[in-house]
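The stops below are meant to be taken in order.

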Amino acid sequence: MDQQSSATMLADRSVIRVAGDDVRGFLQGLVTADTAALTPDTPAWAALLSPQGKALFDFILWADGDAVLIDAEAAQAEALAKRLSMYRLRRAITIQPDDRKVHWSSAGEGIPDPRLAALGRRWLAPASEPTRDWHAHRLSLGVAEGVGELGAGETLWLECNARELNGVSFTKGCYVGQENTARMHHRAKVNRRLVVAPLTETGPRTRAAYPELGLMVEHRRIDALGDAIVPEWLAAALAETASD
């Protein structure tokens, strides 16, 4: 595939560059992923949480030399940058937009999506034609992302399937929202999940609806998943919970 000319760009994503004094240490105390494990070939899905452990923003972190690039929802990029700046205090750290764009392909070159290999491959490069295939592909695999689906401080990070999709480290130490997240994990108290389901009548559980795809994202109790899409990665987690 010719990455520069093919329709691969995710038009709803932006890139933020965080650079300066001990960037990884700065982010390590804030986000759910272990920034020490980042390499050019191993990005990480992560979130910035509220103190209660609820998702405010989710994003993918990329190593870029001494800097870290944040592959973020474009509509939330400015708000995310401002939130990170609140924690910067007097540290010599810059948080700025980057000109590169996020690209995706179902196969071929690029780096496997850190959440789930079946999601395909991503890379950062100059702008090209935007793809229209990503959204349907992601939802078909039962993966939710972004404020519109996760909510802004409404959903506990583990209810967003963060453990199953490699979005949290339980060994890295403290970060914002860590205490409640760790407690839920060790007590196996994840009673609700964000799931994708065929579009029917929406209600209080509905986070997002996509009539053009016939799908919706809902926040459901695990004992009332109903007609939700339950892919292998989620089925395995639910089976583990049931056996505890």
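Predicted model: local features only at pLDDT ≥ 70, side-chain atom pairs only at ≥ 80, totals over all residues.

Residues are numbered from 1 along each chain as its sequence is written, and side-chain values use heavy atoms, with hydrogens and water left out.

Select residues 101-105, 111-112 and 121-125, which are β6, β7 and β8; strands here are DSSP runs of E with at least two residues, numbered from the N terminus. Together they form an open sheet of three strands, ordered β6-β8-β7 with antiparallel pairing, where two strands pair if DSSP finds at least two bridges between them. Because β6 and β7 each have a single partner strand, they stand at the edges, and one side of each lacks a neighbour in the sheet. Between β6 and β8 the antiparallel pairing runs over five bridges, and if you pick H103 you will find its bridge partner in β8 to be W123.

**The cavity.** Next select L56, F57, D58, A72, E73, Q76, L80 and V147, which line the largest cavity. On a 1 Å grid over the protein atoms alone, a cavity is a set of points where a 1.4 Å probe fits but cannot get out, and lining residues have an atom within 4 Å of a point. The structure holds one cavity of 30 Å³ or more, and about 30 Å³ of space lies in the largest cavity, a volume being the space filled by probe spheres set on the grid points, which are joined across faces, edges and corners. Which strand gives the largest share of this lining? It is β3, with three residues, and both β3 (55-64) and β4 (67-73) supply at least two.

**The proline.** Move to P97 in strand β5 (residues 93-98). P97 has a relative accessible area of 74% and is exposed, where exposed means over 50%, buried under 20% and partly exposed in between (1.4 Å probe, protein chains only).

**The cysteines.** Finally, select C160, which is buried at 2% relative accessibility, and then C174, which is exposed at 63%. With a disulfide taken as a pair of cysteine sulfur atoms within 2.5 Å, the count comes to zero.

Notes:
Helix = DSSP H or I, 4+ residues; strand = E, 2+ residues; numbered from the N terminus. 1 Å grid on protein atoms, 1.4 Å probe; cavity = no way out; pocket = protein on both sides within 12 Å on 5 of 7 lines; lining within 4 Å.
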